[in-house]
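Please look through the sequence and the 3D structure shown here before reading the briefing. The points that follow are grouped by topic, so that each can be checked against the picture in turn.

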Amino acid sequence: MSAPVVEGVAGRHGGDQPVVVIGAGPAGLAAAEHLLDAGVQVVVVDGAPGVGGLSRSVELWGHRFDLGPHSFLSNSHPESVTRWLDLAGAAGGVERTEAVRAAVWRGRVVGFPPSPVDVLRTTGPARTASLVGARVAARVRPQAAPARTAHDALVARHGRAVVEELFVPYCRKYLGVHPRELSSAFADKLQGTRRGWRGPVELLTPREGTGAVWEELARRLRARGARILLGTTVTGLATEGERVTAVQVRDAVSEFAVPARAVVSSVPAPVLLRWLPGTRAPAGPALRSRDTYLVHLLLEGTGNGREVGQSSHYVTAYDEQVRTGRLTNTRAWRPATFRNEPRTVLCAEFWSSGDDDLSARSDHELAELAISELPAFGVDPRVRIVDTDVMRLPRSVPVLTAGVEQARAAVDAQLDRFTNLARVGRHGKHDWDGQEDSLLTGRSIGAHVLAV
Ligand SMILES: Cc1cc2nc3c(=O)[nH]c(=O)nc-3n(C[C@H](O)[C@H](O)[C@H](O)COP(=O)(O)OP(=O)(O)OC[C@H]3O[C@@H](n4cnc5c(N)ncnc54)[C@H](O)[C@@H]3O)c2cc1C
């Protein structure tokens, strides 16, 4: 028996049916806006209770926090910056700060990138000489062949010693693999040079959390006639030949179908493949993703200001024996908001395959681990931990393995067969997209969807 058809979304099959957008994250909302601009009726469905996806914000201890503070850089793509600032301005405004980064490296907290003095103090004269020598040699040596893996690309740029010292442990910890197993196209992203992380970088942080930006966009879309069905999980797609005809969904009370003249999806490609007849996921782990676990710590100092956590925006732990990957301090991101607060909130990020010893830990154990590692990040041990909160984000980090281009091509070949289907966003494209990229891919839906 087929599921009932949702009422009020579309009266009958034909030209008045909406385009259905799956996912109300940045990419799905940007796609919905693009469709409205083209005069197309839109229904957005999302299983979560609110909009924003991974860029949503949550209420904790009287403030709104991102799922790991989300940076938006003032030197991002100008079209995205203008759009994003317009939304953020209407959603409570932004705080602007110059990014300060630090690293835990060989048991010390150093600036990032480490200064020559940091390198000398941390590694000693002999190792400093080999690191500098390797880097200089890499710069002057012509590259023999195009890089096949991220490791090749990083060695060609930084020298083998630097890569072994910093990038190898970082990749193992963050992505669960050696950089030799990663696509060469990933090297820029690993170096953080992709979006202008060079020289002084200005971070734009919404006062009400990044989620407020996407809530504002959703408000505007609704005002223009879009329907956004939250708490509504997509469970499958109905097809006729090479067209998707409806999206099957489940909400708290029932299952029903939303007729669709076209579908724009921001869910992971392997999930989409499971929903479509005659397709199969590419073999091997090529479209692998990692989990992120966030431990928020409400912290109270002893009065001298330094004890409420480090002053850098990001402190990334390159040492593998420190299990925390990254520590961020809300006070650094939103100084105006937290200036007069006796407390601050730190966020410790852990990365996991989903079936390792980190994933097996209870929330309490993860919080204990984060607290025990605070001194490694330079946090004064006299701070008082007032409360903790743990959030798990399954499959939130796409891993771009060395076979990812072929795997993407295999997915494209199968999905391009469906004439009224488009994919957008971090999971839809299986790329390391941030909000900026999601905004852009959301607005890049092809004519095959706009024109149906
Ligand atoms: C810890 C962390 C830190 C980050 N930091 C930054 C940062 O500093 N700056 C930055 O720009 N970006 C950052 N990002 C990335 C940013 O969050 C994402 O790029 C962005 O949210 C991706 O948007 P999206 O719409 O493509 O996907 P998502 O935000 O993941 O949205 C996808 C949506 O689809 C919905 N969905 C999935 N399956 C279904 C289904 N079956 N039915 C219905 N709905 C479904 C989900 O509920 C979700 O709302 C960070 C991400 C993480 C995890």
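Two strands are said to pair if DSSP finds at least two bridges between them, and strands themselves are DSSP runs of at least two residues, numbered from the N terminus. With that in mind, one can say that Val 94 stands opposite Pro 206 in β9. The model is a predicted one, and the mean pLDDT of its chain is 89, with 92% of the residues reaching 70 or more.

**Confidence in the model**

- Over residues 1–14 the pLDDT stays under 50, and for this stretch the model has 25 contacts beyond four places in sequence.
- Where pLDDT is low, the predicted coordinates should not be read in detail.

**The sheet that contains β9**

- This is an open sheet of three strands in the order β5-β9-β6, and the pairing is antiparallel.
- At its edges are β5 (72–73) and β6 (94–98), each of which pairs on one side only.
- Strand β9, made of residues 202–206, is joined to β6 by five bridges, and the two run antiparallel.
- Strands of a sheet pair through backbone hydrogen bonds, either parallel or antiparallel.

**The sheet that contains β12**

- Another open sheet of three strands has the order β11-β12-β13, again with antiparallel pairing.
- Because β11 (233–240) and β13 (255–259) stand at the edges with a single partner strand each, one side of each is left without a neighbour in the sheet.
- On average, and with direction ignored, neighbouring strands of this sheet are turned by 30° against each other.
- Strand β12, which covers residues 243–250, runs antiparallel to β13 and is joined to it by five bridges, and within this pair Gln 248 has Ala 257 of β13 as its bridge partner.

**The surroundings of the ligand**

- There are 33 residues around the ligand, and those that come nearest are Asp 46, Ser 71, His 427, Asp 433 and Gln 435.
- For Asp 46, a polar side-chain atom lies 2.6 Å from an oxygen atom of the ligand, while for Ser 55 a polar side-chain atom lies 2.8 Å from an oxygen atom of the ligand.
- Gly 47 takes part through its backbone, with an N or O atom that lies 3.2 Å from a nitrogen atom of the ligand.
- On its own the ligand has 1000 Å² of accessible area, and the protein covers 88% of this.
- At least two residues of the shell around the ligand are supplied by each of α1 (26–37), β11, β19 (384–398), α14 (425–428) and α15 (435–442), and the largest share, three residues, comes from α14.

**Backbone details in two loops**

- Most residues other than glycine have a negative phi, and most peptide bonds are trans.
- Arg 106, which is found in the loop between β7 (101–105) and β8, has a phi near 50°, a positive value in a residue other than glycine.
- A cis peptide bond, with omega about -5°, joins Phe 112 and Pro 113, and Pro 113 is found in the loop between β8 (108–111) and α3 (116–140).

Notes. Residues are numbered from 1 along each chain as its sequence is written. This is a predicted model: local features need pLDDT of at least 70, side-chain atom pairs count only at pLDDT 80 or more; totals for chains, interfaces and linings use all residues. Side-chain values use heavy atoms; hydrogens and water are left out. Helices (H or I, at least four residues) and strands (E, at least two) are DSSP runs, numbered from the N terminus. Axes are lines fitted to C-alpha atoms, for helices over the stretch in contact, and angles run from 0 to 180 degrees between N-to-C directions. pLDDT is the predictor's confidence in each residue, from 0 to 100. Contact means heavy atoms within 4.5 Å. A residue is near a molecule or strand if one of its heavy atoms lies within 4 Å of it. A polar contact is a pair of N or O atoms within 3.5 Å; within protein, one must be able to donate a hydrogen and the other to accept it, and residues adjacent in sequence count only if both atoms are side-chain atoms. Accessible areas come from the Shrake-Rupley method with a 1.4 Å probe; for residues, only the protein chains shown count as cover.
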